[in-house]
Amino acid sequence: MITGNVGEGLPPEATRGFFRVEYSVDDFNKFSSLARGRRVVRTLNEATTGRYDRSARWREVFGPLGLNDDLRAALVADGNCWGYLALHRHGIRGPFSDEETSFVGQLTAHLAEGLRKSLLIENVAVEEADEGPGLILLDDRMDVVATTAAARYWLADVGRTGRDVGELPSPILAAAASLQALERGSRGPSVMPRSRLRTSSGRWLVVHASRLGGEDQEKRIAVIIELAQPVEIAPLIAAAYGLSERERQVLQQVVIGLSTAAIAEALHISANTVQDHLKAIFDKVGVRSRRELVAQIFTQQYLPRIWDQAKLGTDGWFALAAS
């Protein structure tokens, strides 16, 4: 799901329609399809052979704004999608050219790498919040019915979408739209909508949506915002460093203090293979020793800020938090 956005030119009143189409309606060049496909860059003109009215996105959102062609790109690096890019062109300027599409294609890997590394640059520079989970109640038009104080706190930290301060942040709209798509049985998510996002203060949150039941009340959409547990963020930070699955396993063993021989025995590989993986990990994280490795990931990054709320896994991940 989309967990944040930077853009201009799209009126706030069009935002809900955009999310509804993106998650609930069959259409051309959807972000999720680009991320999974062999071609990560495509134009709407090419996909529709110039018949823009075949696109629900054009008919309901962008056509009424005087826009015709759009150029969409999935920002993929090392098999992971780190974001999307969407460029829109006014109808009088014609479609995007092959040269423009090719140029954007040359940029996608670099943009993806920048977004990936951005997760590792900034530290959390705020005191830990005491707020618990926040609740936002929405109707099916995605209008706010009610919010709790904790939800208002987290909404302020997440930031808002568009220029209208009354518009909900994109992660909330994405969660609600994904739930509606799941309920309709359209080509939306196959599991309950749940996403991770980083706030403006550097904290990590989890956003998830579900439908309230009950015969005596309207069945509202409940969107929950809460602090993420480290176990939910660990795969993301490992991917941000570009670690392979085996390198992540070796890292977990290093964190709990196992020797090279012990790691080799635990993972059923040779000591030389462990050393090769450690060298690769050092290069990717930018350190020269195990001590620096642990400090880089667990001291300089965000994980220590939320350790106290984590439960230790059976594999020992985050075990240093107890020492």
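## Strand 4 and its partners

Strand 4 and strand 5 (residues 144-147) run antiparallel and are joined by three bridges. Strands here are DSSP runs of E with at least two residues, numbered from the N terminus, and two strands count as paired if DSSP finds at least two bridges between them. Keep in mind that this is a predicted model, where local features need pLDDT of at least 70, side-chain atom pairs count only at pLDDT 80 or more, and totals for chains, interfaces and linings use all residues. Residues are numbered from 1 along each chain as its sequence is written, and side-chain values use heavy atoms, with hydrogens and water left out.

These two strands make a hairpin with five residues between them. Look for methionine 142 in the turn: its phi is positive, about 65°.

Strand 4 (residues 134-138) also pairs with strand 8 (residues 221-227), antiparallel again, over five bridges.

| Strand | Bridge partner of isoleucine 136 |
|---|---|
| Strand 5 | threonine 147 |
| Strand 8 | valine 223 |

Now pick out leucine 138, which sits in strand 4. Leucine 138 is buried because its relative accessible area is 0%. Setting aside neighbours within four places in sequence, leucine 138 is in contact with residues including Val144, Leu168, Ile172 and Val223; contact means heavy atoms within 4.5 Å. Leucine 138 and arginine 211 are 73 residues apart in sequence, and 9.7 Å apart in space, C-alpha to C-alpha.

Technical notes: Helices (H or I, at least four residues) and strands (E, at least two) are DSSP runs, numbered from the N terminus. Buried means under 20% relative accessible area, exposed over 50%, partly exposed in between (1.4 Å probe, protein chains only).
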